[in-house]
Structure formats: structure tokens, C-alpha cells
Amino acid sequence: MASLEDRISKPDNSQPEEKDTESSTGTNVNAAPFVPSGSTSWADETAEAATNSEPSAVNAKAEKEMSEMSQAQTDGASGPLGGSSGIYDPSYEVNVQLSDLQANPDDPLYSIKSFEELGLHENILKGIYQMRFTKPSKIQEKALPLLLRNPPTNMIGQSQSGTGKTAAFVLNLLSRLDYSPTMINTPQALVLAPSRELARQILGVIQIMGSFVQGLTAGLSIPTDVANRNREGLRVQIVVGTPGTTMDMIRRRQLVADHIKVLVLDEADNMLDQQGLGDQCIRVKLLLPKTIQVVLFSATFPDQVVEYASKFAPNANQITLRHEELTVEGIKQLYLDCPNEAAKYDALVRLYGLMTIGSSIIFVRTRETALRIERRMNEENHTVACLTGEYQGAQRDIIIDSFRSGQSKVLITTNVLSRGIDVQTVSLVVNYDLPDDGRGHTDPQTYLHRIGRTGRFGRVGVSVSLISGPRSYKMIKEISDYFGVEMESLPHGDWDQVEEIIKRVIKSSRAGSNFQTTNAVASSSANGTKDFSM
Ligand SMILES: Nc1ncnc2c1ncn2[C@@H]1O[C@H](COP(=O)(O)OP(=O)(O)OP(=O)(O)O)[C@@H](O)[C@H]1O
């Protein structure tokens, strides 16, 4: 067995899911499920919407509660997880910017249609209003008609980070379930995600979007404590889980998969590419009925995964992007050339004041580095939290929920949180170490997902990559080349200027390649490196 030391010094990028060999059941999000609205599936019921759409007494109460909640929560910080808005609410800026962006045909948030035109049930539309979404993003507008079409067709969908892929697949799920009383406890849809945090977040979105859907039940299949285990199994319509635990539960018949009709892999390239998860996802799929609709979503589909994804989701409708289209305009990408490794820590401490303007995530390569930096910063009175794969379920939930709610504002983590996590207040992402693929090669996809934790749905954000020495310089150059993106060098040593540059972006309503931070940004860094201008 690996010693603790071995375990914490391991890069976290290859094992987002906790290794919990025993299966565990999830939570039913609707402890008191809503009364089912009819005996047929909603997909067939649209014409009857007018008669079935009146909220029940239960729903009226839920509507009121959800309405209050929606004032503060439109991101992944859904009901039970605690909201993140309200601590730092950039809604004015975002509204102004959103209407501009959604009117710009070149922007990923652009769309010509309204949600009302997408053929969704009235009660699902109410969930969308609850989320305070006014118009669909490009991926939602393009994907939804294809996803909803009958007979169901597989889909491989790609769009930039933070552009609303979750809602696209959740709306499809909600539209496809059979809500008849006999099916209320029958698993009909399965969503797999690479981490427990992402699975919980997706469940939160289902819960809010589906809050007016009568009869909806959903739950989690993620590793959890023995005390929480429910021997009866997971008897809900939508199951969201991590692949290992889900596979275990299906095998033990704690999750009866006979009636599953939709399988979604979120962060699909990661789920199919990784040795462990890829294998588990294939096994899960083999345990499901042959006729399922397979939906794969991610911001990245590297070439080596595309072919394989097409086999996993045969004859899929595909919405894909080129590398050069992947970066989000709202994220200003900066790098700071540090004279040596020790100077990286000093830079982090210098940046701390900026990190707490909104919320920030610091990505490191190994658990050991995460713990070391956490300890040192806390000792020096810079309050930071840390979440890595080393922590167990309940502990991880407390840490991420505290970050979502704004109680903790700076989170040090590994690649375990590089994908999917949606906390709108994150305005700064620091790459303390640049991501590699574990075999010594630069990993541009993980870089993109990491920086995508900021700049969510039209918001602005900053990423700062700390580099030191020729290897990390080469890595940042490769990333810059891969995405065809301009990165600016921060002047090392002139902290006032660094602060001004970053503050200016965070506090602006625009960032990205068209946004000039300042003319004073050094065109060459301390080590004589040049800005990357592609
Ligand atoms: N049509 C919309 N209008 C306004 N906000 C939206 C809309 N669709 C999604 N959002 C919000 O945008 C944010 C990002 O959405 P989501 O997490 O689904 O992005 P994503 O594309 O899955 O990103 P990633 O690739 O990082 O996983 C969320 O806070 C979500 O509530």
C-alpha cells in the first residue's frame, strides 16, 4: 500500500475521482417529491401544457422559495450548496455586457432564438426563468433542437468554458423523462462527471431547473460515508455520479439501469481519455440498455479523443470548434516570469490582496505542493483553503461549499477541480505550476479548463501563470501557440504595476484579446522573454 507521503506527492491530474471501492448511494434531491403531472412522458405532452402547467400547492411554496433563492443564485452554487452571489455580485456589469455579447454573432453567447422557441415544456421554461437566463447561448440554441429531436440522436457537443453546456444537457434530460407515477422511482437518465464536486454541482442545476417539474426525482452516486449508505438503492429518475461508484452501484443492483434512456458524459474528453475513467465509462455504458441516447459535452476534444468519442457515441450530431476558437475573450491571460522557484511563492503572497477582490483558485501540480503552500500561507496569516484528492467525501464537500458561499475566498487545488466547477465570483486563476499530462508533455486542454474557472458566461477574469526557467517558459509558449492566443508578460518586481494591471481587468466589464490592460505592460520580462503575440 502506498504511504501517505507517496500519496500526497502524486500529481492529482490522473485521479479526479476518489478511490472508494465500496459503492454508496446518493441523496434524493426532492425529499418530498412533487406530485406527478400525468401518465405520459413530457416529450409527448407539450400540447397539453396549458392544462398541466398550473403549479400545485407544493409547487407554489417551492416557487416562492426558489424565487427568493434565485435573487442570489444563478451559478453552480445551487440551493443546498449555498449561493455564491451576494458576496460579490457583479450583476450590473454582467447584464450590460451580456446584452452586448448576446447580440454579437461572433460571440459564443450569441443566439437568435429565445428559449420559448426551443419547444420546451412550460414548467421547464419556469425553471429557466428561475435561473434568470434570458436568452440561450450559442451551444444551447444549436444543441437543444438536435438533442430534443425524436427519435433521439447521439450528440458530441463542444463549446468554450462557461457557456452553458450544463443547461443544454439538463434541459434535454428534463424533457425526456417519463413522469408517470409508476416511473417516479425508476432511473431513466445518467450523468457522469469526473469529480464529486462537479456531480454535486450538476445535481444542483437539475434541482433548480427542474423545480417546477412535477414528479422529478434526482440523486447522486458518488463516494460517501458508510453512515449515509442506503441499502435500498438509488430510486430516482436522474442519477448524477462519478463513474467508479456508479459502475459499482449498477453491478450491485443498488442502481437499476434497465430503463436508462439517456447517458451524458460531462467533460467527455477527460472521461474517455483517462485510463481509469475511460475504462469505467465504457463498463458503465455496457451495463445500460443498447438504445440509449449518448450525449458527450466538453470545452475540449483533442484529436486523439475525437475518433474514440465517435465510437462511444455513434452517428452523433457534432458541434465542434477549432483550437483557435476555444479561448474565452473575457479571460485576460497573463504570465509572470519569476527568477527561480522560490520567487513563485513570493509572487503568490504578493498577489494575495488581489485574490480576495473576488474569489481565486490557485492550481498546483501535486497534493504535496498544495498542502505545503496552504500551510505556509496560513502560517503567514494569508487565509487559504485547500482541496485535493487526498481529502475524503464529507470533508471535500465542506471545503467546496465554503468556497462557493464566499466564506473562503482563496482555494489551492490540483487538477481535481480543473474542470466544470462554476463559481461566478472567481475573478483570478493562478497557475502556480503549469499543467503537464503526467508524461512530461504540456497539457493545453487542462490549462484551458483551469483558466475557464473564471470568466463564466460573459464575466471578466484574469489568469496569471507563474513561470520560472526554460521548461515552464517553453510550456507557456506551447500553450499560447496551441490556442493562437496572446499572453502578456507581467513586469516581475514592479508589484504596484502588476497590481494595477490585474485590478484594471478585474474591475472592468471587458477583458480578453481586445482589452488593453495598459500600454505599460512590459514587452519583455526580467529574463528577456517577449510577449506572445500570435
Ligand atoms: N442562457 C444563459 N443565460 C445566462 N446564464 C447562463 C445561461 N446558460 C448558462 N448560464 C450560466 O453560465 C454559467 C456557466 O454555465 P456552465 O457551468 O453550464 O458552463 P459550461 O459550458 O459547462 O462550462 P465548463 O466547460 O467550464 O464546464 C453558469 O453559472 C450558468 O448558470
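How many salt bridges does the rule find across the interface of domain 1 and domain 2? The count is six. The model is a predicted one, and the values below are computed from it.

**Domain arrangement**

The protein chain is divided into domain 1, residues 89–325, and domain 2, residues 329–511. Their C-alpha centres lie 27 Å apart. To the contact, domain 1 contributes 30 residues and domain 2 contributes 30 residues. About 2,600 Å² of area is buried between domain 1 and domain 2, and carbon and sulfur atoms give 50% of this area.

**Polar and charged pairs**

In the model, Asp269 and Arg419 form a salt bridge, and their closest N and O atoms are 2.9 Å apart.

**The side of domain 1 that touches domain 2**

Elements that give two or more residues to this side are α4, α8 and α10. Of the elements, α4 gives the most, with seven residues. The table lists the residue ranges of these elements.

| Element | Residue range |
|---|---|
| α4 | residues 91–102 |
| α8 | residues 196–209 |
| α10 | residues 268–273 |

By class, the side of domain 1 that touches domain 2 holds eight nonpolar, 13 polar and nine charged residues.

**Helix α16**

Helix α16 spans residues 444–451 and is mostly covered, with eight of its eight residues buried. The buried residues of α16 are Pro444, Gln445, Thr446, Tyr447, Leu448, His449, Arg450 and Ile451.

Notes: Residues numbered from 1 in each chain as written. Predicted model: local features only at pLDDT ≥ 70, side-chain atom pairs only at ≥ 80, totals over all residues. Heavy atoms only, no water. Buried < 20%, exposed > 50% of the residue type's maximum accessible area, 1.4 Å probe, protein only. Helix = DSSP H or I, 4+ residues; strand = E, 2+ residues; numbered from the N terminus. Domains from an automatic or database assignment. Contact = heavy atoms within 4.5 Å. Buried area = accessible area lost by both parts, 1.4 Å probe. Salt bridge = Lys/Arg side-chain N within 4 Å of Asp/Glu carboxyl O. Nonpolar A, V, L, I, M, F, W, Y, C, P; charged D, E, K, R; others polar.
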